[in-house]
Each structure stands twice: as structure tokens, then as C-alpha cells.
Amino acid sequence: MHDLEPYRDMMAKCSHCGLCQATCPVYLEDFLQTHLARARMDLIRAVLLEGEIPVTKRFREVLDRCLLCTNCSRTCPAGVPVDEIIAAARNQVYQGKRRDPVRRQLLRRFMNQRGMKGLMGMAGSVAHKMGWTPEELPAPASKPFEKRFKGRIPAKGKARARVAYFVGCATNTLYPDTGKAVINVLAHNDIEVLIPEGQVCCGMPALAEGDLPLVQEMMRKNVPVLAGCDVDAVVTDCTSCGMMFKAKAAKTLPEDDPLRPQAEALAEKVWEVTDYLNQIGLTAEPPPLPESYTYHIPCHRGWTPTVDDAPRNLLGKIPEAELIELENPDKCCGAGGTFFMDFKELAADIRTGKLADIRQTGAKTVLTQCPACRSFLRTQFEDGQVTHPIVLLAKAYGI
Ligand code: SF4
Ligand code: SF4
């Protein structure tokens, strides 16, 4: 992903079959053929590989107007990894300079320290109170997760497994309730949890920015920390963080990078937490919880075949809790990390369709494993709450 050239053969595999047109959230809103994966591939080849067309403002827009949702890559019968090719193209065009130097520096600080701390944190809180931040960004938690929970959380009974918990930036800074539910539910089910020190952001925001050197910087910090833990599994509550470690980490490093084997070994152990619990099974039977909920499947789910069904299966074990299915549970919500800030109208239009689907269920609780979807949906969902599936399980347990 650090270079476009290795993708040349894969790009040539695109047969222009057009199957990706049924799944691209951008195309389904603007109906512009230029925004289809096949057209993006042709343009990237002509501009960046063959040099037949110069890099123009419109070309940059075609690169930017993509959520990196991976829908096309998952749909493509030829297995063209479109999202990775677009990320590599952004890297080549922007070389880490998509934003002005101040915003780049802020992003680097934010990712390295996993959220807002010190002066930056204070500035963030003030900006939020003054209404200077997008309404989709909730106020930072008064105390980040890592200030409340550290080290080793023992299993409630005899430990049957030991896991390392990768705490994403959003959970750490915005949604520590998710992190608390993760460690409590795991411990309640006789699983020991280790919160390794030295974790930083998974790198996804830098990938979207076309800043592969910054993604590598994150991997050089995270991979040794996580791969060095003596654990049965590495769990995360965020599907985007999971995707980064499972499907992208090794690819962001050069072929001969000595860290690559470690990144590949780490990938074998990575799980989204509800998927992990569903596979290993619960030891504590959940008490009844007479609540109905619906489930929005995040786009970043293709990294493991079972992650999208995991919350359905796991929460199906709660007596009296009722899942009301969406008509299109896997349809994108429009957030796309920071896409919603750059393409406000388009993102809001995509969200409108999702919210209509949610409202017709009548459910007052929407569950999703992606904090970006959670933030983006909750601002327009006054009818109830948007939260992580593990939070509902913790509620059933009363922990
Ligand atoms: S990654 Fe998503 S938004 Fe981008 S081209 Fe593919 S389907 Fe469309
Ligand atoms: S689904 Fe794959 S092969 Fe078909 S047009 Fe899209 S990118 Fe090309």
C-alpha cells in the first residue's frame, strides 16, 4: 500500500463488470460513473501509473470522494482491492500533505497520544463547548478510558483465556463506556484482560489522509506492543481498528521490512470483541433484558467472515431482548471516518437513507461496532441511543 506499482496487475484484473455499482455509497447518491470503482481505477492508472493525464483538482476530488468503505473491494468478483489502491494513490498524490501543516501536526499529535490530552484536550473541550467542532463529534469524556483502567483485569472465575485489549482512540477519548463494558464482560466470562501500555492510534485516519509514513509510524509502535503480549487473542471493539491490524498492517510495510513477519503473526490473533466472545462462548448466562434493538453493520467488516453476524448471535443469547432487523443492515451510514467533514452534504444524504431504515424498525437502541458510525448517526437520531453491542450485553449482566 506504500506504492501503487505492485497494484498494477490487480488493477488490470478489473473487467468493468460494474457489480461494484450496486454497493458504492457515493455512486448510489450522485450516480456519477466517474465515482465507480472501475472508473477510479482507470483514472488512477492513466494519471499516476502511465502519466497520460496530469494530476488535476478534479482528479484529486475523485480520489477524495471515496469513503474507503471497502464495499467495492468486497463485491468485486476479480478481487481488486480498490480501497487499498485508492489509499496508495492518495499517498502518491498527497505525500502526507493533504491538509495544511497545522492540521497535519494536530493529527500526528492526536494519533500518537490516542486522543486529546493536556493543552490540546483543553482546547478541544473549549472548542466543543463553543460549538466550533462539527456537531457529529461528541464532547470528549471527562476522563479517558486509559486514565481509569490500566494493566491487568483478572477473570472473575478461573481464567480460561487471556486477551490483550487494543483500545481505539474513539473508545479512549469519546466512548469509555464501550471500553468499560469490554473489560467487564470479558472478565465476567472468565477471560483475563491485559491492557498493554504503549498503544497508539491504529493508523486508519492517516491511511484516509494518504499519509502512509504516518501509518507506518503507528504500526512500528503498535505491532511490537501487541505482538509481544503472551495472550491467546488481541481484541478490539472497533471494526476499523480490527481491519487495520488484521488486513492492512503488514501491507503498509515494505516487503523486506523486519517488522512484517511480526505484523503477520499479530493479524492471526486479532478479533473484534463480540466475534471473539461468540466464538469462545459465554460462561455466564445473561439474565433477561426486555429491550428491542436494531443493528447497523459497519462497512469495515470484510476482514473476517464472522464479524458482521457476531452481535446478532451473541445478543441472541439474552432472553427477551429482541433484534428488529433493518431492511438494509449493511448499507453505509455516510460517516467514513472524517469523510463526513469534507463532504458534508453527500454524507448527510447517505445518512438520511440509513436513518429512515432505522426509524421504520421502531427500535430505540441502535447497535454498531464502529464509533464513527455511532457518532454520525446519533446526532440525527433523537429517538433513542446509538451504542456498541457489548454495552447492551453489559447492561443485561448488570455490570
Ligand atoms: S471504497 Fe466505498 S466509496 Fe470508495 S469507491 Fe469503493 S465502494 Fe465507493
Ligand atoms: S466489481 Fe471489480 S471487476 Fe467489476 S467493475 Fe468493479 S472493480 Fe471492476
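Tutor: Of the 15 residues around it, Cys 14, Cys 17, Cys 20, Arg 38 and Cys 76 come nearest; a residue counts as near a molecule or strand if its C-beta atom, placed from the backbone, lies within 6 Å of it. Keep in mind that this is a predicted model, in which local features need pLDDT of at least 70 and side-chain atom pairs count only at pLDDT 80 or more, while totals for chains, interfaces and linings use all residues. Residues are numbered from 1 along each chain as its sequence is written, and chains are lettered from A and ligands numbered from 1 in the order in which they are written.

Back to the shell. H3 and H5 each supply at least two residues of the shell around ligand 2. Helices (H or I, at least four residues) and strands (E, at least two) are DSSP runs, numbered from the N terminus. By residue type, the shell around ligand 2 has 10 nonpolar, 4 polar and 1 charged. Here Ala, Val, Leu, Ile, Met, Phe, Trp, Tyr, Cys and Pro count as nonpolar, Asp, Glu, Lys and Arg as charged, and the others, Gly among them, as polar.

Now slide over to ligand 1, which has 15 residues around it, the closest being Cys 24, Cys 66, Cys 69, Asn 71 and Cys 72. Two or more residues of that shell come from each of helix H2 (25-30), helix H3 (37-49), helix H5 (71-75) and helix H6 (82-94).

Zooming out, the domain assignment, which is automatic or from a database, gives domain 1 (5-94), domain 2 (145-278) and domain 3 (286-397). The centres of domain 2 and domain 3, taken over C-alpha atoms, are 22 Å apart. Where they touch, 29 residues of domain 2 are in contact with 23 residues of domain 3, contact meaning C-beta atoms, placed from the backbone, within 7 Å. On the domain 2 side, H11 gives the largest share, 7 residues. That side divides into 14 nonpolar, 10 polar and 5 charged residues.

Next, the sheets. One is an open sheet of 5 strands in the order S1-S3-S2-S4-S5, with mixed pairing; strands pair if DSSP finds at least two bridges between them. Its edge strands are S1 (151-153) and S5 (270-272). Strand S4 (residues 233-236) runs parallel to S5, joined by 3 bridges, and Thr 236 stands opposite Glu 272 in S5. Helix H14 (residues 239-248) lies across S2, S4 and S5 at about 165° to S5; axes are lines fitted to C-alpha atoms, for helices over the stretch in contact, and angles run from 0 to 180 degrees between N-to-C directions. Helix H16 (residues 273-280) lies across those strands too, at about 95° to S5.

The other sheet to look at is open, with 4 strands in the order S7-S6-S8-S9 and parallel pairing. In it, 2 bridges join S6 (residues 292-295) to S8 (residues 365-367), with Tyr 295 opposite Leu 367. Helix H21 (residues 389-397) lies across S6, S8 and S9, at about 125° to S8.

As for the whole protein chain, it has 21 helices and 9 strands.

Terms used
Contact = placed C-beta atoms within 7 Å.
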